[in-house]
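Thank you all for making time this morning. I would like to walk you slowly through one structure, so please have a look at it before I go on.

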Amino acid sequence: MNEARAPYLKVENVTKKFGDFAAIKDICLEVFESEFVCFLGPSGCGKTTLLRAIAGLDIQTSGRIEQAGRDISNLPPTERDFGIVFQSYALFPNLTVFKNVAYGLENRKMAKADITARVDELLQLVGMPDQGPKYPAQLSGGQQQRVALARALATSPGLLLLDEPLSALDAKVRLRLRHEIKELQRQLGVTTIMVTHDQEEALTMADRIVVMNEGVIDQVGTPLEIYRRPASPFVADFIGAMNFLSAVAGGDGTVRLHGVELSAIEGTDGLDEGTAVTLCLRPEDIVTRAVESGAPNAFEATVADLEFLGSFYRASLTAKGVENTRFQADFSVNLVRDLGIEVGKTLTVAFPADRIRVFAGT
């Protein structure tokens with residue numbers, strides 16, 4: 001679908017160096033109009049550096065950035081079309097909520113009546129219609145971030161940049177504001193890029209996720225693609241819980257997990273028999289109910305540990321007769337009760353072939 005239209009934002013071979021250190025290296029990325037894109041990765045991976053290069057706050061060392069067909073590579077922030085929200089809110093403490101939101105509009109010399117109408121509209125939009133006369137210090141963290149969002153949207157920017165906007169808030173407020181921001185973005189249709197290190201935030205909010213590691217992009221895809229089909233062990237490890245098991249390619253789409261042979265595994269094409277591989281499988285994908293001995297990719301395993309995590313149990317299992325092959329499986333509370341799963345019990349489990357990812361090397 002995206003291939004049929006021109007990207008709204010185009011990042012071409014962008015590198016940013018600080019002295020001899022390259023914070024981002026030869027980044028290429030396309031963002032389409034009205035998309036919500038998350039830059040996701042651990043601290044120091046380059047995601048904020050890339051956002052700041054797009055905003056012109058830290059001009060890239062080399063490479064080109066286009067927005068709506070216009071080369072903005074070397075323009076100062078004031079000449080770029082974006083609104084930005086920072087983790088720290090960055091509101092003016094000496095100005096009222098109304099004046100904070102109106103700040104960009106006043107700089108554009110808009111008529112007073114138009115400014116008042118626009119600010120009232122935005123405060124209504126972020127659920128704070130009566131808070132205009134208050135000062136930032138009189139507001140909660142969540143309210144301050146809503147004001148920062150309204151201020152960023154005041155001039156109707158073509159691009160909204162969010163730099164870890166929720167990380168300073170407590171868990172419940174973060175959850176509520178996450179949904180509010182996504183709903184607002186859908187309503188306005190504004191192209192949005194958000195930096196986060198929180199995988200849950202990215203999975204629930206983004207149309208596409210850009211996973212970054214050590215200054216490069218490891219994978220770009222929808223949340224489901226990133227979660228189900230990680231392109232590298234790093235992505236597999238960073239997004240959600242994952243079992244990593246050392247195995248050996250067996251030829252003909254099989255892998256040998258010590259004494260257990262697993263068949264029809266995608267990712268084994270071109271691997272010579274005997275090649276060391278890493279097998280990746282999420283705990284929730286391991287099946288035990290109604291699995292018969294002799295079923296595809298089924299084998300017996302013993303429950304070594306059982307951890308209660310509220311809505312489910314995480315079981316630590318050992319392949320029967322193979323003590324050094326331990327993996328985790330997530331079972332619902334009802335399943336644990338119905339099957340009488342407990343430490344020491346032997347289960348027949350199966351690794352569904354379509355949920356296994358295989359990477360060469362260990």
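Predicted model: local features only at pLDDT ≥ 70, side-chain atom pairs only at ≥ 80, totals over all residues.

Let me begin with a question: does Cys38 count as buried or exposed? With a relative accessibility of 0%, Cys38 counts as buried, where buried means under 20% relative accessible area, exposed over 50% and partly exposed in between, taken with a 1.4 Å probe and protein chains only.

Residues are numbered from 1 along each chain as its sequence is written, and side-chain values use heavy atoms, with hydrogens and water left out.

Staying with the cysteines, a search of the whole structure finds zero disulfides, a disulfide being a pair of cysteine sulfur atoms within 2.5 Å. For Cys38, the nearest cysteine sulfur belongs to Cys45 and is 12 Å away, and for Cys45 the nearest is in turn that of Cys38. Cys45 is buried as well, its relative accessible area being 2%.

Turning to the chain as a whole, buried residues make up 49% of its 362 residues. Its secondary structure comes to nine helices and 19 strands, which are DSSP runs, helices being H or I with at least four residues and strands E with at least two, numbered from the N terminus. The C-alpha trace spans about 80 × 45 × 40 Å along its principal axes.
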